[in-house]
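Please look at the sequence and the structure before reading on.

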Amino acid sequence: MNAMKSENPLGYEKLPTLLRSYAVPSIIAMLVSSLYNIVDQIFIGQGVGYLGNAATNVAYPLTTICLAIALLIGVGSAARFSMALGAKEKEKAELAVGNAISMMILFGLIYLVFIQLFLHPLLTLFGTTPDVMPYAKSYTRITAIGMPLLIITNGMSNLARADGSPKFSMICMIVGAIINTILDPLFIFVFNMGIEGAALATIIGQFISFLMAISYVHRFKHIDLKKKHFKLQKVECFKIASLGMSNSLNQLAITFVQIVLNNSLTYYGALSIYGSDVPLACSGIVMKTNAILLSIIIGLAQGSQPIISFNFGAKKYNRVRGIYKLAICCSLVISLIGFIAFQFFPRQVISLFGTGDELYFEFAVKFMRIFLFMVLINGIQVITSNFFAATGKAIKGVFLSLSRQVIFLIPLILILPLFFGIDGILFAAPIADALAFFVAIFLVRKELNHMKTLDTPETLNTPA
C-alpha cells in the first residue's frame, strides 16, 4: 500500500504520545549538537587555558551562522514537507526534499570558501584581541572544513524527523558527538595538539554524522525521490526559505548579538577592574552554558514542528492548538531547572570550563546570574516563533525571532553601558527577555483565537 494513502499517526495519535516520541529524540540530538562546542570549551579550558576559551568564543558566531543556514533549509523544507503530507500532496513533498538537499550542498560549499577567504577580518569583527587571534585562527581554519557537513547533517536531521524517523536523526548526532568527546582529550592531552586537536576532533565527529545523515536520502518512508526533484527551482527554494526564515534569522540575530556583546565587553571591560580578556572568556562560557538549555527548548520546538505542520495541513486545528500548549508547559518545566542551576549553582557550573583567578570567577558568577535571570520565560518565545513557522505564518515568525535579539537586546547592550558601565551589558538581557515575552503572548493569543473560528465539527471531534 502506498505510504501516502495510509493514515499518518500524526493525524490521530494522542498528542502527549506524539510529542514524547518526536521531541525526546530531537532534544537529545540538539543537546548532542551543542556538545560539540561545549566539550571543546571544557577540554580547551583545561588544556589550553582561558585564552583558548576566548578563542572558541570569538569563533562561535561562525558556527551560529552555519546553523542559521541549516535551519533556513532544514526547518523550512521539513515544514513544507509535513504540510504537503498532511494535505496528501506527494509530489510537493518530494520536490521540497530534493530541492532542500541541493540547497544544503550549494550553501555549504559557498560558506566554506567565504570563511577561508575572509577569516582574519571576520574574527576581528567578532571581537578578538591580539592575544586571542592566533588561537582563534588555528581553531577556525580547521573547523570551517566541517561547516558544509554540519549544514547537511542538521538539514537531513529535520527532514528525517518530519518523515517519521526522529530516532534516526538522534543517532546521527550522538555518534558524531561520542567520537568528538573521545578524540578531544586524546588529541589535546596525549598528542599535545592543543586547540588544533580540539578542532580536528570536531570535524572528524561531524564527518561520521554526515555519512549517516546523507544515507537517509534512500530511506524516506513517505516519498520516492528521483533526479528531477533535485533540480533547483526558484519558487520552491523561496517557499522553503520563507518557512525556515524565522528560525534562521533567530540564529543570525544570536550571531549579531554575539558580535555586539563581544565588542562591548572588550571595550567596557578594559575600562573596568576585569580587563578585556576576562569578560570575553566569561561571556563564552555563559552563552554556551545557556546554549545547552536553549538546545533542549529548540529540540522540543523542532519535535513539535512535524505534528503542528501535518495537522495544520490537514485542517485539524484543535490538535494544532493542543500540541502548542503542551510544548509550552514542557518548556516551562525545563526552563525552571535551568533557572535553579544558573541562580543557585553558578560557580559550580563555571568551574567545569577550567580555572581562573578570583576576579575571573567573580565576574563569571555575576554575568551568569544577571544575564540569565529571565531564562524561565525564554522558551515561550522560541516555541511560539516555531509555531508560526510550522503553520506557514513566516512574517510573524520572523518578527518574533527578531524581537528579542535585534529590536530589544542589541539596543539595550549599546545604551545601558553608557550609564551603568559593564554592568549595563549584563542587565540588558533580562529586560529584553521580558519585553520579548509580552510580544510573543500578544501575537499567539490572536492566532489561537483565530484558529478556534476555523474549527469544524469534524476537527473538533478529532482526539487531541
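## Asn290

In this predicted model, Asn290 has a relative accessible area of 9%, which is under 20%, so Asn290 counts as buried. The residue belongs to helix 10, which covers residues 277-313.

Apart from neighbours within four places in sequence, Asn290 makes contact with Phe342, Leu372 and Val375. Between the C-alpha atoms of Asn290 and Asp433 there are 13 Å, and these two residues are 143 residues apart along the chain.

## Thr391

Thr391 sits in the loop that joins helix 14 (378-390) and helix 15 (394-415). This residue is also buried, at a relative accessible area of 3%.

The side chain of Thr391 comes to 3.0 Å from the backbone oxygen of Phe387. A polar atom of that side chain is also 3.2 Å from the backbone oxygen of Phe388. When residues up to four places away in sequence are left out, Thr391 touches Met83, Ile308, Phe312, Val320 and Met451.

## The whole protein

The protein contains 18 helices and zero strands. Along the principal axes, the C-alpha atoms fill a box of roughly 65 × 45 × 35 Å.

Of the 464 residues, 62% are buried. Among contacts with a separation of 6 or more, 84% are between residues 24 or more positions apart.

## Surface and charge

The accessible surface is about 18,000 Å², and carbon and sulfur atoms account for 71% of this surface. There are 34 positive and 21 negative side chains, and the centres of the two sets are 11 Å apart.

Technical notes: Residues are numbered from 1 along each chain as its sequence is written. This is a predicted model: local features need pLDDT of at least 70, side-chain atom pairs count only at pLDDT 80 or more; totals for chains, interfaces and linings use all residues. Side-chain values use heavy atoms; hydrogens and water are left out. Helices (H or I, at least four residues) and strands (E, at least two) are DSSP runs, numbered from the N terminus. Buried means under 20% relative accessible area, exposed over 50%, partly exposed in between (1.4 Å probe, protein chains only). Contact means heavy atoms within 4.5 Å. A polar contact is a pair of N or O atoms within 3.5 Å; within protein, one must be able to donate a hydrogen and the other to accept it, and residues adjacent in sequence count only if both atoms are side-chain atoms. Accessible areas come from the Shrake-Rupley method with a 1.4 Å probe; for residues, only the protein chains shown count as cover. Lys and Arg count as positive and Asp and Glu as negative; His and the chain ends are not counted. The place of a charge is taken as NZ of Lys, CZ of Arg, CG of Asp or CD of Glu.
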